Amino acid sequence: MKKILLLDKNHPLLQEGLEKIGYHCDTNYTDSKTQIEKMIASYTGIVIRSRFSIDKEFIDAAKNLKFIARVGAGLESIDVDYAEKKGVKLIAAPEGNRNAVGEHTLGLLLSLFNKLNKADRDIRQGKWLREANRGIELEGKTIGIIGYGNMGKSFAKKLQGFDVDCICYDIKDGVGDTNCTQVSLSEFQKRCDVVSVHTPHNKTSYRMINRDFIQAFHKAFYLLNTGRGTAVVTDDLVTALKNKKILGAGLDVLEYEKTSFENLFENKTFPEAFAYLIQADNVILTPHIAGWTVESKIKLAQTIVDKIRASGHKKTNKKNQNL
């Protein structure tokens, strides 16, 4: 019998859907990685979200493994090269939460431009400050998207109707479409009023938004990041906020994130840069929830079921890693 081990809790339709197409599903949400390695050999597939990384040793222990499915967009927690070498198919589900990410990113941008969070806090403190909360409009602005995959395309689609100029920069050629024009990095840095980061975690994107990268922009700009926290050097972001090279930031992800980030405020000693961010009026922070909606929970689960049903045992498609 084809057996799948579910390592994280997901929407019930995930297990129901897999069982309908002939898999036997076991769940294990509590054992350590070491404990699971001891019993993984009999399983054909693994479904995981972000519970732990899957490395060479784990893959070697899973002697009958045909596929690893991640209920999310990226595959950076998996040793992709080694899995491919062992003939293990990798499945991700960026289609499942791309709409949620696009909407959330637009929400961050509109909130920044209209000072919605600051205005709300002011009123709750008994302050009726209209001029101090005067906003700016999206119309006529150039919105730049770094990483034009599933998430970047979703954001560009949401921008239609706002009368903005949408451009993108990507390491791959030919990714532009009717919603967004692909340009060189130099042109991107010349034109942008807003920069939105939608890259996966990889060697190219790691700490890409740093001091030199920021200073290369011709204009002061707003920064949005709903991709991966490791793309932005927070110390350099704060420096740019202080000197007004960056006019405001909407951050759903932070470089300080671990695999699990739920206990952020248990440690009362924050990095200096993070302490600045949580006090800044022109910064909006959300806890890695851009793709975390009621609807996306369902879509992610269904996407995984559909891809496992369709996949057979074909070779890994690296496009699944493209956010």
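Tyr-23 is buried, with a relative accessible area of 9%; buried stands for under 20% relative accessible area, exposed for over 50% and partly exposed for values in between, with a 1.4 Å probe and protein chains only. The model is predicted, so local features need pLDDT of at least 70 and side-chain atom pairs count only at pLDDT 80 or more, whereas totals for chains, interfaces and linings use all residues. Residues are numbered from 1 along each chain as its sequence is written, and side-chain values use heavy atoms, with hydrogens and water left out.

The structure holds eight aromatic pairs. Rings of Phe, Tyr and Trp (its six-membered ring) pair if their centres lie within 6.5 Å; planes under 30 degrees apart count as stacked, over 60 as edge-to-face and the rest as tilted. Tyr-23 and Phe-67 form an edge-to-face pair, with 6.0 Å from centre to centre and 85° between the planes. Tyr-23 lies in the loop between α1 (12–20) and β2 (24–27) and Phe-67 in strand β4 (residues 67–70), so this pair ties together parts that are 44 residues apart in sequence. Helices (H or I, at least four residues) and strands (E, at least two) are DSSP runs, numbered from the N terminus. Phe-67 is also buried, at 1% relative accessibility.

The rings of Phe-217 and Phe-221 have centres 4.4 Å apart and planes at 35°, so this pair is tilted. Phe-217 is buried at 2% relative accessibility, and Phe-221 is buried with a relative accessible area of 1%. Ring pairs link Phe-217 and Phe-221 with Tyr-169, Phe-188 and Phe-213 into a cluster.
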